[in-house]
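Please keep the sequence and the structure in view while reading.

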Amino acid sequence: MAISYATALSKLSVTHSAKESAIPSVHFSSATCEWETPLALFEELSHVFGGFTLDPCATPENAKCARYFTREDDGLSQAWNGKVFMNPPYGREIGKWVKKAWAESLNGALVVCLVPARVDTRWWHEYARKGHVYFLRGRLKFGASVNSAPFPSAIVTFGKFFSR
Ligand SMILES: C[S@@+](CC[C@H](N)C(=O)[O-])C[C@H]1O[C@@H](n2cnc3c(N)ncnc32)[C@H](O)[C@@H]1O
């Protein structure tokens, strides 16, 4: 049965801290791109979308799916298929990842992206807006950080979604 993205995403119930930390932790350093998806959020999205089959940007330690691509594989140069969960590296290349997510959806993949809600950027206007956008309330705490991120996040989905 096909259901709408809006219906599916409205089922998200994870609550996030509304406070932004005044002192960013090391996890927010530009020296790292390891903004690991909060497990509770991943599990909710996984439930809503009936499980994911590919994490295209990961390390063996933070991969969210049994099938994943690492920096060495270069997820950007691989073909994606199935139900993809993408939390991309948040550096200057992020636009390439969102473009890739959109392009792979044209080949049949469902790609659910966790991205910073940088609505003033070129990649947002050229690609993120082609998807279904759901803005998360509050700020996420990535990985093991005790501090909330200094930016808002959004879920952007590309491709057809069929519920279980
Ligand atoms: C924001 S983290 C997300 C980690 C994990 N997938 C998750 O959702 O928690 C982005 C990950 O992409 C990896 N990465 C960076 N460049 C990559 C590339 N070219 N191909 C695949 N993975 C890459 C980084 O090592 C990092 O672990």
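How do the residues of the shell around the ligand divide into nonpolar, polar and charged? In this predicted model, the shell is made up of eight nonpolar, six polar and seven charged residues.

**Overall architecture**

- The chain contains four helices and four strands, and these elements follow one another from the N terminus in the order α-α-β-α-β-α-β-β.
- The chain has 164 residues, of which 34% count as buried.
- Among the contacts in the chain with a separation of 6 or more, 70% are made by residues 24 or more positions apart.

**The ligand shell and Glu36**

- The ligand is surrounded by 21 residues, and the closest of them are Glu36, Thr37, Cys57, Gly75 and Asn87.
- Glu36, one of these closest residues, is placed in the loop between helix H1 (5-9) and helix H2 (39-48).
- Glu36 counts as partly exposed because 17 C-beta neighbours lie inside 10 Å, a number that falls between the limit of 12 or fewer for exposed residues and that of 20 or more for buried ones.
- When neighbours within four places in sequence are left aside, Glu36 is in contact with Asn62, Phe142 and Gly143.
- Glu36 and Lys141 are 105 residues apart along the chain, while their C-alpha atoms are separated by 9.0 Å.

- Beyond its neighbours within four places in sequence, Trp35 is in contact with Asn87, Tyr90 and Phe142; for Tyr90, which is 55 residues away along the chain, the C-alpha separation from Trp35 is 7.7 Å.
- Asp74 lies in the loop between H2 and strand S1 (83-86), and it is exposed, with 11 other C-beta atoms within 10 Å.
- Although Asp74 is not a glycine, its phi is positive, at about 60 degrees.

**The nonpolar core**

- In soluble globular proteins, nonpolar side chains tend to be buried together.
- The largest nonpolar core of this chain has 37 residues, and those with the most contacts inside it are Val84, Met86, Val98, Ala101, Val111, Val112 and Cys113.
- Two or more residues of this core are given by each of H2, S1, helix H3 (94-106), strand S2 (110-116) and strand S4 (153-158), and the largest share, six residues, comes from S2.
- Cys113, one of the residues with the most contacts inside the core, touches Met86, Val98, Ala101, Ile155 and Val156 when residues up to four places away in sequence are not counted.

**Helix H3**

- The 13 residues of H3 should span 18 Å at 1.5 Å a residue, and the 19 Å between the end C-alpha atoms of the helix agrees with this expectation.
- The buried residues in H3 are Ile94, Trp97, Val98, Lys100, Ala101, Trp102 and Glu104, and the buried residues of this helix pack against S1, S2, helix H4 (122-126) and S4.
- After H3 comes Gly108, which has a positive phi near 110 degrees.

**Strands and their pairing**

- S1 and S2 pair in the parallel sense over four bridges, and within this pairing Lys83 has Leu110 in S2 as its bridge partner.
- From S1, Lys83 and Phe85 point one way whereas Val84 and Met86 point the other way, and all of these residues are buried.
- S2 and S4 pair in the antiparallel sense over six bridges, with Val112 standing opposite Thr157 in S4.
- Strand S3 (residues 132-135) also pairs with S4 in the antiparallel sense, here over four bridges, and Phe135 stands opposite Ala154 in S4.
- S4, which pairs with S2 and with S3, is mostly covered, since five of its six residues are buried.

Technical notes
Residues are numbered from 1 along each chain as its sequence is written. This is a predicted model: local features need pLDDT of at least 70, side-chain atom pairs count only at pLDDT 80 or more; totals for chains, interfaces and linings use all residues. A residue is near a molecule or strand if its C-beta atom, placed from the backbone, lies within 6 Å of it. Ala, Val, Leu, Ile, Met, Phe, Trp, Tyr, Cys and Pro count as nonpolar, Asp, Glu, Lys and Arg as charged, and the others, Gly among them, as polar. Two residues are in contact if their C-beta atoms, placed from the backbone, lie within 7 Å. A nonpolar core is a set of buried Ala, Val, Leu, Ile, Met, Phe, Trp, Tyr and Cys residues joined through C-beta atoms within 7 Å. The expected span of a helix is 1.5 Å times one less than its number of residues. Two strands pair if DSSP finds at least two bridges between them.
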